[in-house]
Amino acid sequence: MTQKEKLRNTIGYYLIFISLGFGLGITGPALPSLAKQTGSTLGVIGSMFLVGSIGGMIGTAISGRILDRVPQRHLVLGISQLITTVILAATPLAGNLWILLLIVFINGFPVGMINNGANTLLMWTHGEKAGPYVNGLHFFFGLGAFLAPTVFAQVLNWGGTYQHAYWALAAITVPVVLFMMFLPGSPEHPHQHEDKTQTQENLRAALPIIIVGMLFLFFYVGSEITFGNWIYTYATTLNLADITTAAYLTSGFWLFFTIGRAISVPVAVRFKPTQILTVAFVGALAALTLAILVPQSMTVLWVASAAVGFFMAPIWATGYNFAGQSIKLTATISSLIILGDSFGAVVLPWLTGLAIERFGAHTMPWLVFISLTLNALVFGVMLLQRSRMTKEIATA
């Protein structure tokens with residue numbers, strides 16, 4: 001593959017991940033309007049996140065087999081993006097809760113396909129040098145999630161409605177659909193000439209890393225989504241902020257998260273994954289400790305939220321890249337690892353909601369701290385697994 005083809009492919013994956021971020025970023029600001037549209041309470045409308053994650057798990061699970069077998073992989077991603085674009089436009093038209101939940105569930109399939117597909121194809125495109133590019137991919141996802149609320153606010157400022165905001169974002173993604181569907185030069189499967197026996201042996205050999213990689217993404221995504229989704233409730237319930245300030249606090253978290261991902265791209269070129277993740281975990285855990293020790297200060301909460309977002313930013317991409325380069329990465333293996341992401345997006349945010357309701361909002365940073373600590377311990381296990389596999393290869 002030429003450098004021009006690699007660049008063209010990378011641009012396509014980055015564009016499709018911005019579009020993926022749109023779908024996440026528009027949901028939060030639109031929740032009250034969607035609740036009113038479907039005659040639901042905010043508590044009930046929150047089930048969108050659970051249903052969407054279940055659809056995402058299924059989409060991720062089936063994506064590996066499809067991408068390992070279909071040569072026109074860019075066309076698969078283009079069709080997946082087309083489906084999400086149609087669903088984005090249809091979401092504000094759902095007349096009741098059940099139709100909305102069905103739409104969100106169906107949307108999980110192409111979202112899972114895009115998430116696994118773009119990460120895997122980017123790894124195949126750049127091989128051992130994929131680290132900075134994977135960090136860049138997830139920066140563009142954060143950028144899309146950050147831009148969507150901005151588009152939402154501007155549409156309302158111009159006299160439009162939340163439906164117009166959805167349709168504006170859907171219109172922006174149409175060129176991305178066309179770009180991906182007609183993008184040539186899909187990277188070849190690096191292990192496509194292996195027979196069935198070799199493939200099964202590869203899967204068995206990779207199983208320890210797959211399990212550890214799943215746990216890594218499970219604890220990380222649980223921490224990220226929990227903090228990002230519940231910091232608003234935490235600040236308002238403890239009377240640290242009014243609803244406007246709490247909304248800005250949430251935006252601040254995602255802003256510094258996006259900045260962190262931008263910085264992580266050149267950082268990944270110069271430093272090893274172990275160095276990046278050590279700094280990331282120490283920084284994020286220190287910020288959470290500050291929030292726990294000084295719970296009544298809004299200034300401290302601002303600083304802690306910004307720092308948590310900034311230091312969390314490189315963890316997903318760096319850990320995934322580290323796991324992927326430790327084994328023969330197929331789309332099926334990648335989909336298994338990324339399933340940890342889908343499960344993580346469901347479990348801890350749901351448990352946190354139950355804990356806040358029963359024990360109080362102060363439990364939120366504690367739960368994120370525990371999850372992120374387990375995340376760091378799992379990375380230690382991943383290091384040991386990779387070291388053992390390296391020794392086994394050297395002595396074989």
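User: In this predicted model, is Leu 169 buried or exposed?
Analyst: Leu 169 is found in helix H7. In this predicted model, a residue counts as buried when its relative accessible area is under 20%. The relative accessibility of Leu 169 is 0%, so Leu 169 is buried.

User: Which residues does Leu 169 touch, not counting residues up to four places away in sequence?
Analyst: Leu 169, a residue of helix H7, has 0% relative accessibility and counts as buried. With residues up to four places away in sequence set aside, the residues that Leu 169 touches are Phe 22, Ile 26, Leu 88, Ala 148 and Val 151.

User: How far apart in space are Leu 169 and Val 303, C-alpha to C-alpha?
Analyst: In sequence, Leu 169 and Val 303 are 134 residues apart. In space, C-alpha to C-alpha, the distance between Leu 169 and Val 303 is 31 Å.

User: What separates the C-alpha atoms of Ala 118 and Tyr 13?
Analyst: Ala 118 has its place in helix H5 (residues 97-126) and is buried, with a relative accessible area of 0%. Leaving aside neighbours within four places in sequence, Ala 118 is in contact with Ile 16, Phe 17, Leu 77 and Leu 137, and also with Tyr 13. Along the chain, Ala 118 and Tyr 13 are 105 residues apart, and their C-alpha atoms are separated by 5.5 Å.

User: How many helices does the protein have?
Analyst: Read along the sequence, the pattern of the protein is α-α-α-α-α-α-α-α-α-α-α-α-α-α. The number of strands is 0, and the number of helices is 14.

User: Why is the protein described as being as compact as a globular protein of its length?
Analyst: The protein has 14 helices and 0 strands. For 396 residues the globule rule gives 21 Å, and the radius of gyration of the protein is close to that value, so the protein is as compact as a globular protein of that length. The C-alpha atoms fill a box of roughly 60 × 45 × 35 Å along the principal axes.

User: What share of the contacts with a separation of 6 or more joins residues 24 or more positions apart?
Analyst: Of the 396 residues in the protein, 53% are buried. Among the contacts with a separation of 6 or more, the share from residues 24 or more positions apart is 84%.

User: What part of the accessible surface belongs to carbon and sulfur atoms?
Analyst: The accessible surface of the protein comes to about 17,600 Å². The part that belongs to carbon and sulfur atoms is 70%.

User: Which helix gives the largest share of the nonpolar patch?
Analyst: Leu 7, Ile 11, Leu 15 and Phe 179 make a nonpolar surface patch of about 320 Å². Phe 179 is found in helix H7 (residues 162-181) and is partly exposed, with a relative accessible area of 32%. The largest share of the patch, 3 residues, comes from helix H1.

User: Is Asn 9 buried or exposed?
Analyst: Asn 9 has its place in helix H1. Beyond residues up to four places away in sequence, Asn 9 touches Met 1, His 74, Thr 125, Leu 183, Pro 184, Gly 185 and Pro 187. The relative accessible area of Asn 9 is 0%, so Asn 9 is buried.

User: Which residues does Thr 60 touch, not counting residues up to four places away in sequence?
Analyst: Thr 60 is found in helix H3 (residues 47-69). At 1% relative accessibility, Thr 60 counts as buried. With residues up to four places away in sequence set aside, Thr 60 touches Gly 112, Asn 116, Ser 335, Ile 338, Leu 339 and Ser 342.

User: How far apart are the end C-alpha atoms of helix H4?
Analyst: Among the buried residues of H4 are Val 76, Leu 77, Ser 80 and Thr 84. Helix H4 (residues 73-90) has 18 residues, and at 1.5 Å a residue they should span 26 Å. The end C-alpha atoms agree with this expectation, being apart by 26 Å.

User: What is the value of phi of Asn 239, near which angle does it lie?
Analyst: Asn 239 lies in the loop between helix H8 (196-237) and helix H9 (243-270). At 69% relative accessibility, Asn 239 counts as exposed. Most residues other than glycine have a negative phi. Phi of Asn 239 is instead positive, near 60°.

Methods:
Residues are numbered from 1 along each chain as its sequence is written. This is a predicted model: local features need pLDDT of at least 70, side-chain atom pairs count only at pLDDT 80 or more; totals for chains, interfaces and linings use all residues. Side-chain values use heavy atoms; hydrogens and water are left out. Helices (H or I, at least four residues) and strands (E, at least two) are DSSP runs, numbered from the N terminus. The expected span of a helix is 1.5 Å times one less than its number of residues. Buried means under 20% relative accessible area, exposed over 50%, partly exposed in between (1.4 Å probe, protein chains only). Patches are made of residues with over 30% relative accessible area and no salt bridge: like charges are joined within 9 Å, nonpolar side chains (Val, Leu, Ile, Met, Phe, Trp, Tyr) within 5 Å. Accessible areas come from the Shrake-Rupley method with a 1.4 Å probe; for residues, only the protein chains shown count as cover. A salt bridge is a side-chain nitrogen of Lys or Arg within 4 Å of a carboxyl oxygen of Asp or Glu. The radius of gyration is taken over C-alpha atoms; the globule rule is 2.2 Å times the number of residues to the power 0.38. Contact means heavy atoms within 4.5 Å.
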